[in-house]
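Dear colleague,

Please find below the structure that I am handing over to you. My notes on how its chains meet follow directly after it.

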Amino acid sequence: MSRVMVFVGDQPGEIESQAITLGHSLGSVEAVVLGDVTIAGLNRVWSVQHPLLSDYAPEAIAEALAQLVGREMPAAVIAAGTERGNEVMAHLGALLDLPLASNIVSVDASDDDWELTRVRWGGSLLEEATLSAFVKLLTVAPHSQPAFAGSGDPEVTIFTPEIDDSLARTRVTERVTVEAGISLTTAPVVVSGGRGVGSAEGFATLEQLANLLGGAVGCSRVVTNNGWRSHRDQVGQTGTRIAPSLYIACGISGAIQHWVGMMAAKKVLAINTDPDAPMVTKADYAVIGDLHEILPAIVDEVKRRKGLE
Amino acid sequence: MRILTCVKRVPAPGARINLTEDQRAIDARHLSFTVSPHEECAVEEGIRLREANGGTVTVLTLGPAESDEQLRYAISVGADTAELILTDGEEWDPQSTANALASRIKDLEAEGQAFDLILFGNESADAGGYQVGIRVAHLLGRPIITGIKGLQVEQQTVVARREVESGFEVYRLPLPAVVAVKEGINLPRYPTLPGRLKAKKAEVANLGPAVGIGGGLQMRMLRTPKEQQTVTTVLGRGADAAPAVVDLLAELGLLR
Ligand SMILES: Cc1cc2nc3c(=O)[nH]c(=O)nc-3n(C[C@H](O)[C@H](O)[C@H](O)COP(=O)(O)OP(=O)(O)OC[C@H]3O[C@@H](n4cnc5c(N)ncnc54)[C@H](O)[C@@H]3O)c2cc1C
Ligand SMILES: Nc1ncnc2c1ncn2[C@@H]1O[C@H](COP(=O)(O)O)[C@@H](O)[C@H]1O
């Protein structure tokens, strides 16, 4: 059975565990962790230990991985398709001059060359590709696999790479904490506005509704481009991807680049003047009309039912 | 400061993506073209740094002859010079793209000085490989950081901020360096009339690639993911729909 290394870093979470699931479909999985992290249910864990790796340092991490790969020669190295996973793996690909297939959703490894499917356009298109390389490098598209759950302690092997101090040039040197309200990514309901909201002030009603429901406010790119909201609130291909229980899209047309950011929502409610807008025809529920009349009426009704008025 | 920004021409699909008959590209007959929003911000960031520190901004792309349009857009908002590495239209894989870009950058630097800062988008809008910038940085032997939403140049150091859930992380890279930026780092300006005139008249250096295609990742075919068919329940029209909406919120357990 071929050996597959899965890089999980120092904070293995749900997405990293999904990468392990994909690894299992390809061979026997050995996790590569930074520091004293362990993962139940695997045969082997490589614990990479080096003072330069005490905080995130993509170049140095890739150098450590390159040394481990050179020594152990696994068939593949896999990571999660997160910001860090993609970054570290691209460094590894550059160091070893190997191709990297990012954000894959499935692999057929029955031949020397692997046939795989990866996401394009932030998830609105799939690409079938052939990957030919001595060691295959992949990152796994988030939520394309179930999470891995196993039990039993793995054998932990410490690996101490040699890393030149100069590689610390790309390393976190400081962290700044910003106080934030309910986060867009974890909010159960997101009240989101597009061009139809018309102004920065227009978002006051969306804020009110979000507050009443314990949710967060989101927006489309037109809104951030107009300076009505901060880019932190933008949902979509070049913004944030979210999966709330309910997404309320107010005055958003439903362009594909916006849709890929919220298509994982369990339910979508569209509020739009145009009954043929793609957001309306793809939504579970819709209210047709002017959001400036509809939203205040909803806010009043919620307050009334909550006994706030 | 000598600054270089790399951009890629891509179609701008609307609500749905249609493919060509051979399923190897997006049917762009009725579409306009653009660059990734991250790259628009990379162009803007380069121009702002030049305005603050003096110097020049060069834009570079590898693509078909039509990519001229994206280079001229960059000039219309303030870039000084533009370079096109001409291909026959087929998309190149990330390794080959990076080799060709790095090779042209080395040529440009041999003619003049090294670029202090090379800017990329965090990922291309279409391929989204998250790697061309990192590969170019390695080929040039320079440090790179990606996912950047804040940039400052302090003497020989670039201070870069990356947004994370709790706030942001700070990186300090020695120049010359490479940075891949994300939308949100700035608000790109619109072209001005004089800018448009300058772009119309500008000369775009247009050369074939010095190195060929041949990476280990080859795209075979594109397909659209299966779309769920949803039946939309219209809850009503105008303000009168409010009670029905709130019934729904209650049903979904959101009225606590
Ligand atoms: C590479 C790329 C990446 C992109 N990434 C993103 C991204 O991350 N996120 C994103 O959002 N976009 C992104 N876009 C832009 C996207 O293509 C659309 O341009 C954008 O999503 C449109 O925003 P909108 O729906 O607010 O505006 P519009 O498309 O103009 O839609 C406005 C809608 O509001 C409705 N409306 C108007 N007035 C009212 C009213 N009074 N009451 C109710 N409804 C009203 C209209 O009927 C219309 O449906 C990207 C584009 C590209 C090319
Ligand atoms: N053909 C190209 N020409 C110029 N720059 C490119 C090209 N392809 C990718 N890039 C740059 O590399 C970044 C990352 O691309 P990718 O690795 O495809 O996600 C993009 O945002 C661009 O800045």
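Buried area is the accessible area, taken with a 1.4 Å probe, that two parts lose on being put together, summed over both. In this predicted model, chain A and chain B bury about 7300 Å² between them, with 54% of it on carbon and sulfur atoms. More of chain A's share comes from A:Trp121, A:Glu128 and A:Arg169 than from any other three residues: together they supply 10% of the area that chain A buries against chain B. Counted by contact (heavy atoms within 4.5 Å), 86 residues of chain A meet 83 residues of chain B.

Between the two chains there are 13 salt bridges, a salt bridge being a side-chain nitrogen of Lys or Arg within 4 Å of a carboxyl oxygen of Asp or Glu. One of them links B:Glu40 to A:Arg221, whose closest N and O atoms are 3.3 Å apart. Helix H3 of chain A (residues 83-96) gives the most to the side of chain A that touches chain B, with 9 residues; helices are DSSP runs of H or I with at least four residues, strands are runs of E with at least two, and both are numbered from the N terminus.

Strands also pair across the chains, which requires that DSSP find at least two bridges between them. Strand S15 of chain A (residues 285-288) runs parallel to strand S13 of chain B (residues 233-237), joined by 4 bridges. Within this pairing, A:Tyr285 has B:Thr233 as its bridge partner.

Residues are numbered from 1 along each chain as its sequence is written, and chains are lettered from A and ligands numbered from 1 in the order in which they are written. Local features need pLDDT of at least 70, side-chain atom pairs count only at pLDDT 80 or more, and totals for chains, interfaces and linings use all residues, while side-chain values use heavy atoms, with hydrogens and water left out.

Yours sincerely
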